[in-house]
Amino acid sequence: MTAGIIAFQGTFGAYSDLACRQARPGWTTLPCETFAGAIAAVHDGRADAAMLACENSLAGRVPDIHALLPQSDLFIVGEHFLRIEHCLMGIPGATLHDARRVHTHPVAMAQIRGLIKETGLKPVVEFDTAGAAELVREWGRKEDLAVASSLAADLNRLVILRRNVEDAAHNTTRFYIAARRPPDLPARMDDCMTTVLFRVSNHPGALYKVLGGFATNGINMTRLESYMLDGSFAATQFLLDVEGHPHDPALAAALHELSFFAEQVDVLGVYPASPFRHKDAEHGNAGHAATPAMDSGTPVMK
């Protein structure tokens with residue numbers, strides 16, 4: 001794959017930046033203030049792809065992605081899973097004995113309660129994890145530490161005092177990788193994912209009818225989320241991830257049945273499944289990282 005530019009939401013050293021470097025080694029990463037900005041960078045040709053966080057195993061779904069992607073004219077061309085490993089860091093020479101305060105994003109702060117209780121550090125919320133690392137570097141005080149990625153420590157020349165300070169070892173974020181053109185995939189392939197957006201009217205049995213084809217054709221759904229449309233209770237929009245390629249006979253039959261009963265169906269992407277799914281399945285998690293009940297949208301850490 002020819003090296004290119006990949007956009008992400010956040011600042012250099014953010015977990016999304018780390019995901020970009022893992023998924024696209026050798027590519028230049030482009031920080032953007034918002035998800036919309038990252039999508040626009042690809043749409044306008046300033047970037048070749050965008051790394052978009054879509055769900056987290058602890059926080060649930062990431063807001064706005066379901067609304068932004070369908071309007072972007074971009075295609076989902078891949079997925080990436082990033083294990084969130086929080087590091088406690090400070091300026092060279094800093095120690096836990098000197099430290100008084102710990103700075104990080106509010107979501108990350110909620111995931112290091114054990115560390116705060118153990119050390120007695122005063123928690124100070126900042127706008128993102130990488131930004132907290134930048135502040136600690138700029139202040140140059142041994143009393144202030146940050147919790148962020150190892151990449152943020154490297155970029156800011158901070159010293160990691162402790163690794164894996166998160167309370168939950170399974171904290172994982174899943175990302176969609178979006179581009180202007182769909183990937184050049186064979187018509188039939190194993191280990192493939194398909195993402196579909198569809199709408200149904202709110203009446204008895206509507207969802208049962210549109211999803212029945214997936215059950216009868218043996219298609220595994222790894223993600224299903226619902227969203228109200230423009231504040232209306234008359235119709236609901238669903239985002240669906242399934243295993244398989246639309247040209248596979250079983251998935252083709254399921255999508256045909258979905259199209260018959262749904263009011264609108266859009267395929268947002270057909271792309272290779274991440275190898276992480278196989279590793280996760282070996283540990284008994286059914287091949288996907290994020291399976292909590294999806295709420296109205298919990299902010300994802302940056």
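Here is what to select, stop by stop.

This is a predicted model, so to speak plainly about the rules: local features need pLDDT of at least 70, side-chain atom pairs count only at pLDDT 80 or more, and totals for chains, interfaces and linings use all residues. Residues are numbered from 1 along each chain as its sequence is written, and side-chain values use heavy atoms, leaving out hydrogens and water.

**Stop one: the cores.** Select M51, L52, I65, L69, L82 and Y176, the residues with the most contacts inside the largest nonpolar core, which has 45 residues. (Such a core is a set of buried Ala, Val, Leu, Ile, Met, Phe, Trp, Tyr and Cys residues joined through side-chain atoms within 4.5 Å; buried means under 20% relative accessible area with a 1.4 Å probe, protein chains only.) Now colour β3, which gives the most to this core, six residues. (Strands are DSSP E runs of at least two residues, helices H or I runs of at least four, numbered from the N terminus.) Another core, of 23 residues, lies apart from it; L88 and V102 are among them.

**Stop two: the sheet.** Show β8-β7-β9-β6-β10, an open sheet of five strands with mixed pairing. (Strands pair if DSSP finds at least two bridges between them.) Which strands stand at the edges? They are β8 (122-125) and β10 (159-163), each with a single partner strand, so one side of each has no neighbour in the sheet. Zoom in on β6 (87-90): four bridges join it to β10, antiparallel, and L88 stands opposite R162.

How values were computed:
Buried < 20%, exposed > 50% of the residue type's maximum accessible area, 1.4 Å probe, protein only. Pairing = 2+ DSSP bridges.
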